[in-house]
Amino acid sequence: MNKRLLALFSLASAVLFLGGGLALADDKSIIVQSTTSTKNSGLYDHILPQFKEQSGITVHVVAVGTGQAIKNAGNCDGDVLLVHAKPAEETFVAEGHGVARHDLMYNDFVIVGPPTDLAGIAGGTSAVESFKSVADSGALFASRGDDSGTHKKEKALWAEAGVDPSASSGQWYRETGSGMGATLNVGVGMGAYVMSDRATWIAFKNKGDFGIVVEGDEALFNQYGVILVNPEKCPNVKADLGQQFIDWLLSDEGQEAIRSYVVDGQQLFFPNGNS
Amino acid sequence: MQDLGEAFSLAFGLVLAGDGDLMEIILLSLQVSLTAIAIAALLALPLGALLAVARFPGRGAILVLVNALMGLPPVVVGLVVYVFLSRAGPLGWMGLLYTPTAMIIAQVILVAPIIAALSRQVLEDLHGEYAEQFQSLCLRRHQIIGALLWDGRYSLLTVLLAGFGRAVAEVGAVIIVGGNIDHLTRVMTTAIALETSKGDLALALALGIVLLAIALTVNGLVMALRATAYRNAYA
């Protein structure tokens, strides 16, 4: 009894184990290392089925912050990189990790906050001025603090405002060290201002009584780029399939798929891959 | 509180509708965690039994180590497994990162110390009761270990359930080595993390309720199995 049970047990686990390992090998698929906003906003659920139908290629998305996505792709753990931090992307290509960088689409960042608006920035159009007011008033501000694309952008704006928020970290400046959605949850929970990409904010469901307080500044422009991981550095990269995906994203069809993604009557991403 | 009420109705709705995506996620959760438990049991039960029976120099240090490893943070295990399985890592050529296999490996590392440490305690107590009898029968060590494992099987089931609970509930390790990829490596806990980050707290809670229901079902099944076997053995 004992032995039979054991044999059954090991057989079952061996089958499950092998089944698990083979899952990736059998089909036409690529891995995309991606920023979180494109995933959390539901964009991939909208465009990937269209690409799959046309090409037969399954796209597996690993959604992490831009910083981590670039790091993972640098370790060859992905075929395509889709993020939003142009300087870091250009470095990635210059160092030979990526083949070429293409503009894909854009949207913008917004600053959201509670109706109490302690810093008095609601209705403003200058991100830098708003940041100065937040720092002066000591109103709570929740930052990603995770080296993501959004965090890099936010740090650049603080620098422009002449404020070093890290000196006040733990006081009015709260670094969550997590993704956009998690940071929004924190911000809504503690009544702190948050800088978010517009797509994640619109699709976000736990808004509470928060609303957009600052938008429309050119400094809040948010450009997304797409890069094929360099097969010369990473022999495991499925360069053909990855390039097919990039070509499709940049084609009229792919750009139209991005354009047609609408949440609550609002377009979340604006394609500019042909420009 | 509003979210909680909504979550319960959502959870029932999801289960009753037999939502295909949800079923896929539940099945993968079970596949990964049950496989991890099976493998961890094969490795850790004999180790626990050996530690219960044998006396050798350094045993105390090993016991402390195994007990301490029960507290391994899942995210650290995830990172270590990532470093090994990444294409840039020593085992990268196997191409296991972002597969269910990688998740199983991480969970085996997480639960094996729990099974080893708890089974060691259970079997050592049992050994205390039987030691004289074993001596009089002049049993060899592997026979003693076999007898202890068999005799302690009902208590060891509870040990395995503790390991299963840890495996199926953790998110830190599987989200790093699995990547939370839709239709490939998404399990209950990573789905909950994703819905939380979308701000859909009601759906996240609903998935949590479903996960709890699964844990209850597994525990109930094991309990029933144990009761039946117990009756048959002593009837």
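This is a predicted model: local features need pLDDT of at least 70, side-chain atom pairs count only at pLDDT 80 or more; totals for chains, interfaces and linings use all residues.
In chain B, helices H5(B) and H6 (residues 141-151) pack at an angle of about 125 degrees, and their axes are 10 Å apart.

**The H5(B)–H6(B) pair**
- The crossing of H5(B) past H6(B) is right-handed.
- On the H5(B) side, the contact is made by Leu123(B), Leu126(B), His127(B) and Phe134(B), and H6(B) brings Ile144(B), Leu148(B) and Asp151(B).
- By residue class, this contact has 5 nonpolar, 1 polar and 1 charged.

**Where chain B meets chain A**
- Here 30 residues of chain A are in contact with 27 residues of chain B.
- Three helices of chain B supply at least two residues each to its side: H2 (20-53), H5 (100-136) and H9 (188-197).
- The most comes from H2(B), which gives 5 residues.
- The chain B side comprises 13 nonpolar, 10 polar and 4 charged residues.

**The two domains of chain A**
- Domain 1 of chain A covers 29-107 + 223-271, and domain 2 covers 108-220.
- Their C-alpha centres lie 26 Å apart.
- Domain 1 of chain A puts 19 residues into the contact, and domain 2 of chain A puts in 15 residues.
- On the domain 1 side, the elements giving two or more residues are helix H2 (37-40) and helix H4 (66-74) of chain A.
- That domain 1 side has 6 nonpolar, 12 polar and 1 charged residues.

Note on methods
Residues are numbered from 1 along each chain as its sequence is written. Chains are lettered from A and ligands numbered from 1 in the order in which they are written. Domain bounds come from an automatic or database domain assignment. Two residues are in contact if their C-beta atoms, placed from the backbone, lie within 7 Å. Helices (H or I, at least four residues) and strands (E, at least two) are DSSP runs, numbered from the N terminus. Ala, Val, Leu, Ile, Met, Phe, Trp, Tyr, Cys and Pro count as nonpolar, Asp, Glu, Lys and Arg as charged, and the others, Gly among them, as polar. Axes are lines fitted to C-alpha atoms, for helices over the stretch in contact, and angles run from 0 to 180 degrees between N-to-C directions. A crossing is left-handed if the near helix is turned anticlockwise from the far one by less than a right angle, and right-handed if clockwise.
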